[in-house]
Amino acid sequence: MAIRKIRVDGDDVLRKTCKPVDKMTDRIRTLIGDMYDTMYEANGVGLAAPQVGILKRIVVIDVCDGEAYTLINPEIVSVDGEQVGEEGCLSLPGLSGQVTRPNHVVCKALDIDMNEIIVEGEELFARAICHELDHLDGILYKDKVEGGLHRVDMEIEESNDK
Ligand code: NI
């Protein structure tokens, strides 16, 4: 497995619509493994395939609640409630902004063995599902931000420099 380069805002690949995965291959399994490595290395809680330059409908999410999720061809089937909170994205490094999202999301997807799964999440997990699925349609959270983007402290990077 390997760390892949994270594409940043301004790269056209982040604005494309991704294609569904029709069958699992060794190549896609490797991609998914690399997506986890890349997400953990960058201290992210989610990553979508276009963020590493691959236009396929695949996301990985780990909001540190004990389970990581691989969602292939994901679709939101129902939403409920509302949450307002700060969001960031590995493709917009050092930035954050307020976005309103549903508080509860039910998502249908395929897992890495191409079995259908239903994933249900609230709060941060619901936010991550919405954010990552948006990436598959070329949408960035900055398109939905309320009150503009602001800079956040890059404490981790600063400490790495020492
Ligand atoms: Ni993102």
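Select helix α1 (residues 26-41), which lies across β1, β2 and β3 and runs at about 40° to β2. The model on the screen is predicted; local features require pLDDT of at least 70, side-chain atom pairs count only at pLDDT 80 or more, and totals for chains, interfaces and linings use all residues. Residues are numbered from 1 along each chain as its sequence is written, and side-chain values use heavy atoms, with hydrogens and water left out.

Some terms are needed at this stop. Helices (H or I, at least four residues) and strands (E, at least two) are DSSP runs, numbered from the N terminus. Angles run from 0 to 180 degrees between N-to-C directions, and axes are lines fitted to C-alpha atoms, for helices over the stretch in contact; contact means heavy atoms within 4.5 Å.

Five strands form an open sheet in the order β1-β2-β3-β6-β7, with antiparallel pairing; two strands pair if DSSP finds at least two bridges between them. At the edges stand β1 (46-48) and β7 (116-122), each with a single partner strand, so one side of each has no neighbour in the sheet. From one strand to the next, the twist averages 35°.

Three bridges pair β1 with β2 in the antiparallel sense, and Gly46 stands opposite Ile61 in β2. Four bridges join β2 to β3, and these strands also run antiparallel. Here Val59 stands opposite Leu71 in β3, while Ile61 stands opposite Tyr69 in β3.

Buried means under 20% relative accessible area, exposed means over 50%, and partly exposed lies in between (1.4 Å probe, protein chains only).

**The nonpolar cores**

Select Val59, Ile61, Leu71, Val119, Phe125 and Ile129. These residues touch the most other members of the largest nonpolar core, which has 18 residues. A nonpolar core is a set of buried Ala, Val, Leu, Ile, Met, Phe, Trp, Tyr and Cys residues joined through side-chain atoms within 4.5 Å. The elements that give two or more residues to this core are β2 (58-61), β3 (69-80), β6 (104-110) and α2. With seven residues, α2 gives the most.

Centre the view on Ile129. Leaving aside residues up to four places away in sequence, Ile129 touches Ile61, Ile76, Val105, Cys107 and Val119. Apart from this core lies another, of 15 residues, among them Ile32, Met35, Met39 and Ile72.

**A pair of rings**

Return to helix α1 and select Tyr36 and Tyr40. Both lie in this helix, four residues apart, about one turn of the helix. A search of the whole structure finds two aromatic pairs. The ring centres of Tyr36 and Tyr40 are 6.0 Å apart and the planes are at 25°, so this pair is stacked. Rings of Phe, Tyr and Trp (its six-membered ring) pair if their centres lie within 6.5 Å; planes under 30 degrees apart count as stacked, over 60 as edge-to-face and the rest as tilted. Tyr36 has 14% relative accessibility and counts as buried, whereas Tyr40, at 39%, counts as partly exposed.

Move to β4, β5 and β8. These three strands form an open sheet in the order β4-β5-β8, with antiparallel pairing. The edge strands are β4 and β8 (146-151), each of which pairs on one side only. The twist averages 25° from one strand to the next. Five bridges pair β4 with β5, and Gln83 stands opposite Arg101 in β5. Helix α2 lies across β4 and β5, at about 65° to β4.

**The nickel ion**

Finally, select the nickel ion. Which residues coordinate the nickel ion? They are Cys89 (SG), His131 (NE2) and His135 (NE2), at 2.0 to 2.2 Å. Donors are N, O and S atoms within 2.8 Å of the metal (3.2 Å for Na, K and Ca); water is not among the atoms, so sites may look incomplete. In sequence, the donor residues are spaced C-x41-H-x3-H. Cys89, in the loop between β4 (83-87) and β5 (95-101), and His135, in helix α2 (residues 123-136), are 46 residues apart and link distant parts of the chain. Cys89 counts as buried at 9% relative accessibility, and His135 counts as buried at 2%.
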